[in-house]
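Have the coordinates open beside this text.

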Amino acid sequence: PVLVLSSSPSFSAGSFLGASSTLTSGLVTTDSRHRATPTTVSTIPSSLWILTPVSTPTETNTSVDESAVYNLPGYTPYYQEVIEGKSKGTGVCLYVSNSLNAVINQTASSTSENLETLFVTINKGNELSTVGVVYRPPSGVLGDAISELNEIIAHLPKKSVHIIGDFNIDLHRDNSRETQLLEDCTLALGMYPLISTHTHEKPGCKKSCIDNIFTNSPEHTTLSGTLGLHISHHMALFQICEGILPHCMPKCTH
């Protein structure tokens, strides 16, 4: 995990497109806490959507019934139920390219006051990958959230799993109870974090690493890091990895 964490750079959208256009792997990305609304989506460079087979916004504040409002051409949306009675700070979803065959993993997908999750299994020929988005509401019970996350991960495949989201636990606070609980849970189950730089920056607040990507196949990750899109206090996260797309990616200009 130390080797993985030491190699997560931060990019602007432009510099990321320049770097990623030369790679020949698939891309999984999350706009953590970037609301899945037409206005928000329109601010993301179109070339990023071209490169992104899976996108995983959190805190969408959008129920399953409303999900049809936010269609993206070429993508199939998957929305999880929001927490009942909450008008904001809830909701996760996945946008999966129509070029991929994805099925919701119902066992791993759930909504509680402590943890919101949505997972899909992507079938590419004889290769299966699991991609999940997670949001931990800070108002929930931390211990219960970790227990729920532990139960979910324990029943996932032992390889090619990628869990992306906003955990509201700062991994830069090495000695905090919250960090220890999350690390004990994930590392014990073979899930390693890919993001080491700050992911959240707000005026008057200390920079923090509360969003992350965890995987049990770090050896298949070509590049991971953060993107400064400047549409939220949260950075966008990305992971370029093998096995999500065929080994062919378009050259992109911006």
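This is a predicted model: local features need pLDDT of at least 70, side-chain atom pairs count only at pLDDT 80 or more; totals for chains, interfaces and linings use all residues.

Q: How many helices and strands are in the chain, and what percentage of its residues count as buried?
A: The chain holds 6 helices and 14 strands. Its length is 254 residues. Buried means under 20% relative accessible area. By that cut-off, the buried share is 54%.

Q: Which element gives the largest share of the largest nonpolar core?
A: This core has 37 residues, and Leu94, Ile163 and Leu182 touch the most other members. Elements giving two or more residues to the core are strands S5 (93-97), S8 (116-124), S9 (127-135), S10 (161-166) and S12, together with helices H5 and H6. The largest share is 5 residues, and it comes from H5.

Q: Which residues is Ile163 in contact with, leaving aside its neighbours within four places in sequence?
A: Ile163 is one of the core members that touch the most others. With those sequence neighbours left out, its contacts are Phe119, Gly132, Val134, Ile153, Leu156, Met191, Asn212, Ile213 and Phe214.

Q: What span should helix H6 have at 1.5 Å a residue, and how far apart are its end C-alpha atoms?
A: H6 runs over residues 177-188, which makes 12 residues. The expected span is 1.5 Å times one less than that number. This gives 16 Å, and the end C-alpha atoms agree, being 16 Å apart.

Q: What arc do the buried residues of H6 cover around the axis?
A: The buried residues are Thr179, Leu182, Cys185 and Thr186. They lie on the same side of H6, because their arc around the axis is only 140 degrees.

Q: What covers the buried residues of H6, and which residues are exposed on the other side?
A: The cover includes helix H5 (142-154) and strand S12 (211-215). Turn to the other side of H6, and the exposed residues there are Arg177 and Ala188.

Q: Which backbone oxygen lies 2.7 Å from a polar atom of the Thr179 side chain?
A: Thr179 lies in helix H6. Its relative accessible area is 0%, so Thr179 is buried. Leaving aside neighbours within four places in sequence, Thr179 is in contact with Ile169, Asp170, Leu171, Arg173 and Asp174. The oxygen at 2.7 Å belongs to Asp170.

Q: How many disulfides does the structure hold?
A: Cys93 is buried at a relative accessible area of 0%, and Cys185 is buried at 5%. A disulfide needs a pair of cysteine sulfur atoms within 2.5 Å. The count of disulfides is 0.

Q: Is Ser160 buried or exposed, and what is its phi near?
A: Ser160 lies in the loop between H5 and S10. Its relative accessible area is 14%, so Ser160 is buried. Most residues other than glycine have a negative phi. Ser160 has a positive one, near 55 degrees.

Q: Where does Asn168 lie, and what is its phi near?
A: Asn168 sits in the loop between S10 and H6. Its phi is positive although the residue is not glycine, with a value near 50 degrees.

Q: Which residue follows H6, and what is its phi near?
A: The residue is Gly190. Its phi is positive, near 80 degrees.

How values were computed: Residues are numbered from 1 along each chain as its sequence is written. Side-chain values use heavy atoms; hydrogens and water are left out. Helices (H or I, at least four residues) and strands (E, at least two) are DSSP runs, numbered from the N terminus. Buried means under 20% relative accessible area, exposed over 50%, partly exposed in between (1.4 Å probe, protein chains only). The arc is that of the directions from the helix axis to the C-beta atoms. Contact means heavy atoms within 4.5 Å. A nonpolar core is a set of buried Ala, Val, Leu, Ile, Met, Phe, Trp, Tyr and Cys residues joined through side-chain atoms within 4.5 Å. A polar contact is a pair of N or O atoms within 3.5 Å; within protein, one must be able to donate a hydrogen and the other to accept it, and residues adjacent in sequence count only if both atoms are side-chain atoms.
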